[in-house]
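Here is a short briefing on selected residues and strands. Please keep the sequence and the model in view while reading.

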Amino acid sequence: MAKQAQFYILQKTQPKVPLSAMETLACDLAAQAWRLGKKVLISCESEEQAFRLDEALWAREPEEFVPHNLSGEITQYATPIEISWAGKRNAQRRDLLINLQAQVPDFVASFTQVIDFVPSDEAQKAIARERYKQYRQLGWQLSTEQA
């Protein structure tokens with residue numbers, strides 16, 4: 001099966017209240033994937049970002065609840081969505097990687113599907129282009145979508 005990387009091109013910047021447009025979309029895409037039966041890893045740039053996403057997912061309306069946990073939390077059962085950050089990740093197999101890191105994570109080879117983002121900020125856009133090139137060099141099928 002071909003490895004696929006889907007990039008979402010974000011149109012505008014948004015103040016972080018409490019999440020950026022990219023973080024909000026990451027949470028929504030993780031929820032959609034979970035409802036389709038996928039196990040998801042959201043790979044954050046920092047522990048602080050991971051905690052923000054965790055809080056945002058807990059703050060959803062009850063009918064929008066998404067079972068998730070932070071890497072390293074002890075849970076009786078593996079949750080369908082794990083939120084990790086650089087240097088902190090559980091070992092469970094996941095179907096989909098949602099990458100919020102500035103770099104392509106070194107464990108990307110263990111996934112067949114990745115979601116990544118192209119922010120509207122020019123400096124972040126240049127970094128996203130580098131990730132795009134890396135995925136292409138690794139032989140991934142690439143697609144983009146306006147967010």
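In which helix is the place of Arg-131? Arg-131 belongs to helix H3, which covers residues 122-137. The model is a predicted one.

**Arg-131**
- Arg-131 has a relative accessibility of 6%. Arg-131 therefore counts as buried, as the cut-off is under 20%.
- Beyond its neighbours within four places in sequence, Arg-131 is in contact with Phe-7, Asn-99, Gln-101, Ala-102, Gln-103, Val-104, Asp-116 and Phe-117.
- One of these contacts, Asn-99, is a buried residue of strand S5.

**Strand S5**
- Strand S5 spans residues 96-99 and is covered on both faces.
- Leu-96 and Ile-98 are buried on one side, Leu-97 and Asn-99 on the other.
- In a regular strand, side chains alternate between the two faces of the sheet.
- Strand S2 (residues 40-44) runs parallel to S5, joined to it by 4 bridges. Val-40 has Leu-96 as its bridge partner in S5.
- Strand S6 (residues 113-118) also runs parallel to S5, with 3 bridges between them. Here Leu-97 has Val-114 as its bridge partner.

**Asn-69**
- Asn-69 lies in strand S3, residues 68-70.
- Its relative accessible area is 3%, so Asn-69 is buried.
- Outside four places in sequence, Asn-69 is in contact with Thr-75, Thr-79, Ile-81, Glu-82, Ile-83 and Asn-90.
- Ser-84 is 15 residues from Asn-69 along the chain, and their C-alpha atoms are separated by 8.9 Å.

Note on methods: Residues are numbered from 1 along each chain as its sequence is written. This is a predicted model: local features need pLDDT of at least 70, side-chain atom pairs count only at pLDDT 80 or more; totals for chains, interfaces and linings use all residues. Side-chain values use heavy atoms; hydrogens and water are left out. Helices (H or I, at least four residues) and strands (E, at least two) are DSSP runs, numbered from the N terminus. Buried means under 20% relative accessible area, exposed over 50%, partly exposed in between (1.4 Å probe, protein chains only). Contact means heavy atoms within 4.5 Å. Two strands pair if DSSP finds at least two bridges between them.
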